[in-house]
Amino acid sequence: MSEPAGDRELVEVASSDGVTRVRLNRPEVRNAISRDLIERLMAVVEGIRADREVRVVVLEGSGRSFCAGMDLKQVMDDPVAMGDMLRELGRATIALRSIQVPTIARVQGAAIGGGCGLSGVCDFVVSHPEVKIGYPEIGLGICPAVVAPWLVLRIGAGNARSILLAGGTMDGERAHRFGLVDDLVPASELDSAVERLVERICSGGPEALRVTKRWLNELDGPRIAEQVMRGAELSAEVIRGQEAQERLRKVFAK
Amino acid sequence: MVLRLEDPDRRNALSMAMLERLLEELEAAGRSPASVVRIEGAGSAFCAGIDLDVGREDPRRLGDLLELLSQAMRSIRGLPQVVVARVQGAAIAGGCALLSACDFRCGEPGTRLGYPVPRVGLSAAVSVPTLLGTIGPSRVRSLLLEASVLDGETAFRSGLLTHFAESLDRLTELVEALCGDLAAKGPEAMRRTKAWLNELDGSIDDARHERALACSVSTTGTEEARALLESNWTRGGRR
């Protein structure tokens, strides 16, 4: 079933001069990740992987927020669909990571839960001090198992432990200290900071960059995809449980 | 649930009796319905490390202590609950090893953390399986090989402490606020997430712990350790 989106694409894609911009486009729900959105994102990423002209990818969100996380409300009453969505999120992070050129997440406003998962698999995260970022899953009785393997790779196991087990969200300064954000700039300079980064990346040899990116992805380890997908199963199991169901119902009843 | 090392006159040095008791309490904690376990030390220090006096007659006897220490670290890391350490003053060597197995580590300006054990001819290798994930490989290298002792603020910047109170007076408040926050989260989600992180970072991998332990134990039988420990006692220090 497809949601009514009119003529609008849930993920827009535009390329020029080797720069491909991928834009999550459900601003009315802060780009919450629905099944249709993930499906479309996967198709877009497939296209990018086949395109030899692409040199850098910028992932961004329409409106005031980058991405508010999984649209759980949509699948609240269907545990099977919930599990499917977590598996799709897992596959989407694997696909994004496997893009063979550098990827930049342009994060404004908020990157929460699965949204932070999407930005976290990008090679660069550019954001601003007022951003709200993090993994509040544990407070909802949800296990952030899909994003955990990526977070451990990005910021180390110790930091991942203290962030995921404490839950909640943090501001840009703190996220920058932890390494969730690589480049922290005033909100008004977000676009120019991304442009600078794009230019710097494009000044490098495209072949050298592809080879380097491929090598870095290989260093993610031979088991990373398997871990992410096992994380999806774990998370699906926990979300079906009584604790998560009760906590989610309380939140959605508000 | 709170576990307190209770031998303040000896800065909670880890004796056989202390470690055996700690292991029993950890096992009981694991069965309890509490969702957060707090570990702390009575008096002015969290823990001054393993009780070197045990090795006075024969330094090789320190190996027994190291084995219990390794078990305690595994037991802390393997607890289904999240574990918060409250660290005032010193958490040195074995104390720092216990700390490295805790999920959250709260300190203050007077906190002193590190592994100065090469000075007595011993290796802190036993600590590496939990320390590695906690602060990352490059910091483990400098901490163990340089054998320096970090103050609280430096330890916080390096990730060895996850929380830092501006003064000792504020430490209790900080620890209580953190424990309260953690207890409000979903306990089942918390358990599953901790277990998953343990699997991802290999910090409960027994083979790894056994190798690390064997490495530390091997240093207790060296001529170097015997001589350095001897001169340490001649100088009148326990450490």
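**Close-up views of a predicted model**

**View 1. Helix 5 of chain A and helix 8 of chain B are roughly antiparallel to each other, because angles over 145 degrees count as such.** In this predicted model, helix 5 (residues 157-166) of chain A packs against helix 8 (residues 187-201) of chain B at an angle of about 170 degrees, and their axes are 10 Å apart. From helix 5 of chain A, the residues A:Ala157, A:Ala160, A:Arg161, A:Leu164 and A:Leu165 take part, and they meet B:Met190, B:Thr193, B:Lys194, B:Leu197, B:Leu200 and B:Asp201 in helix 8 of chain B. Sorted by class, the residues of this contact comprise 7 nonpolar, 1 polar and 3 charged.

**View 2. The side of chain B that touches chain A.** In the contact between the two chains, 23 residues of chain B face 31 residues of chain A. Helix 4 (128-135), helix 7 (168-183) and helix 8 of chain B each contribute at least two residues to this side of chain B, and the largest share, 10 residues, is supplied by helix 8 of chain B. This side of chain B is made up of 9 nonpolar, 7 polar and 7 charged residues.

**View 3. Strand 6 (residues 124-127) of chain A is covered on both faces.** A:Phe124 and A:Val126 lie on one side of the strand, A:Val125 and A:Ser127 lie on the other, and all of these residues are buried.

**View 4. Strand 6 of chain A with strands 4 and 8 of chain A.** Strand 4 (residues 103-106) of chain A runs parallel to strand 6 of chain A and is joined to it by 3 bridges, with A:Ala105 standing opposite A:Val125. Strand 8 (residues 183-184) of chain A also runs parallel to strand 6 of chain A, here through 2 bridges, and A:Leu184 stands opposite A:Ser127.

Technical notes
Residues are numbered from 1 along each chain as its sequence is written. Chains are lettered from A and ligands numbered from 1 in the order in which they are written. This is a predicted model: local features need pLDDT of at least 70, side-chain atom pairs count only at pLDDT 80 or more; totals for chains, interfaces and linings use all residues. Axes are lines fitted to C-alpha atoms, for helices over the stretch in contact, and angles run from 0 to 180 degrees between N-to-C directions. Helices (H or I, at least four residues) and strands (E, at least two) are DSSP runs, numbered from the N terminus. Angles under 35 degrees count as roughly parallel, over 145 as roughly antiparallel, 65 to 115 as roughly perpendicular and the rest as oblique. Two residues are in contact if their C-beta atoms, placed from the backbone, lie within 7 Å. Ala, Val, Leu, Ile, Met, Phe, Trp, Tyr, Cys and Pro count as nonpolar, Asp, Glu, Lys and Arg as charged, and the others, Gly among them, as polar. A residue is buried if 20 or more other C-beta atoms lie within 10 Å of its own, exposed if 12 or fewer, and partly exposed in between; C-beta atoms are placed from the backbone. Two strands pair if DSSP finds at least two bridges between them.
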